[in-house]
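Reader: I have a structure open on my screen and would like to talk it through with you. Could we start with the overall picture and then go into details?

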Amino acid sequence: MLPATFKLCAGISYRHMRNMTGLRKNAMVAIHHELNKLAGPGACSWISQVQRRSSLHSSRIEEAERGYSEEEMSYVKQGEDALKKAISILSDMDGWTVETVAANGDKVLSKVLPDIGKVFKLDVVLEQHPDNLYVELVDNMEQMGEWNPNVKEVKILQKIGQDTMITHEVSAETSGNVVGPRDFVSVRCAKRRGSTCFLAGMSTKHAQMPEQKGLIRAENGPTCIVMKPCAEDPNKTKFTWLLSIDLKGWIPKTIINRMLSQTQVEFASHLRHRMTNDVSMAMAHAC
């Protein structure tokens, strides 16, 4: 998992070696070379590319060069770790079982992992380009409560560079209040590698958001959304959402499993509706 590029990059993370201009230059050239390779074709190539290349770690070196604090760098590492773990889970095609298949073909799979528990994977095709979905889910993240009824609020507590942010999310209660509202504090890592977009995350702690009265602080992670152009039509997106979550509280696992898989299917439906409305509004403004 640690090719020569990683080792070269790791060297310049030490203070006494950052002044070695030749070493830093070689590291940056290596990173640039590796990133260029990521744009190459190949079925399911995003999995092996992300696993093999230094792209997931290069930002850490760039952040250090900008003088981020130790705490900020800790969040950057947490986000990258969430992405690495998620990609590792998604790259293992064995052991997945079908949880739900919607009438339109949207599918939720699941598997049980040691030290993590049950994870869920949504696989759908969306009639949108990945760039448009990336804007909606990353750049417009705080607007999610406007179109997803399962979410009350998403607030960005802190941004660190271009790739890392800490968020606070509050979920809506389920029908009949079977599962009451939860809140989450998460570190998120947003990456674009070639034509593939990633949004990974996991639970963290942040001074601005201690546990809230009346809300159960749940935990998630690793989670990851992967958006990649379909091979048949690059204007459509192969959309994968890995979900790992611990809702806390005394809720039977059968109820949790059914609720989480249904939540993923509903998310795909709400996202389609949102993107369709966005296109309609854009066309209306253009007329």
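**Talking through the model**

Author: Among contacts (heavy atoms within 4.5 Å) in the protein chain between residues at least 6 apart in sequence, 57% join residues at least 24 apart. This is a predicted model, in which local features need pLDDT of at least 70 and side-chain atom pairs count only at pLDDT 80 or more, while totals for chains, interfaces and linings use all residues. Residues are numbered from 1 along each chain as its sequence is written, and side-chain values use heavy atoms, with hydrogens and water left out.

Reader: What is the mean pLDDT of the chain?

Author: The mean is 81, and 72% of the residues reach 70 or more, where pLDDT is the predictor's confidence in each residue, from 0 to 100. Over residues 1-25 the pLDDT is below 50, although the model gives this stretch 32 contacts beyond near neighbours in sequence. Residues 27-43 are also below 50, with 27 such contacts. Where pLDDT is low, the predicted coordinates should not be read in detail.

Reader: How many helices and strands are there?

Author: The protein chain has nine helices and 12 strands, taken as DSSP runs (H or I of at least four residues for helices, E of at least two for strands) and numbered from the N terminus. Of the 287 residues, 48% are buried, meaning under 20% relative accessible area, with exposed being over 50% and partly exposed in between (1.4 Å probe, protein chains only).

Reader: Which residues have the most contacts inside the largest nonpolar core?

Author: They are Leu137, Met227, Phe239, Phe267 and Leu271, in a core of 37 residues; a nonpolar core is a set of buried Ala, Val, Leu, Ile, Met, Phe, Trp, Tyr and Cys residues joined through side-chain atoms within 4.5 Å. Helix α9, residues 253-286, gives the most to this core, with eight residues. Not counting residues up to four places away in sequence, Leu137 touches Met144, Trp147, Leu199, Ile225, Met227, Phe239, Phe267 and Leu271. A second, separate core of 15 residues includes Leu83, Leu90, Val119 and Leu242.

Reader: And strand β11, is that enclosed or open, and why?

Author: Strand β11 (residues 237-243) is largely enclosed by the rest of the structure, because six of its seven residues are buried. Strand β3 (residues 117-126) pairs with β11 in the antiparallel sense over seven bridges, where pairing requires that DSSP finds at least two bridges between two strands, and Asp123 stands opposite Thr240 in β11. Strand β10 (residues 223-229) also runs antiparallel to β11, joined by six bridges, with Phe239 in β11 as the bridge partner of Met227.

Reader: Changing topic, is Glu169 buried or exposed?

Author: Glu169, which lies in strand β5 (residues 164-171), counts as buried because its relative accessibility is 9%. Its side chain makes polar contacts with the side chains of Thr167, at 2.3 Å, and Ser186, at 3.2 Å. A polar contact is a pair of N or O atoms within 3.5 Å; within protein, one must be able to donate a hydrogen and the other to accept it, and residues adjacent in sequence count only if both atoms are side-chain atoms.

Reader: How many disulfides does a search of the whole structure find?

Author: The search finds zero, with a disulfide taken as a pair of cysteine sulfur atoms within 2.5 Å. For Cys189, the closest cysteine sulfur is in Cys224, 8.5 Å away, which is too far for a bond. Cys189 is buried, with a relative accessible area of 1%.
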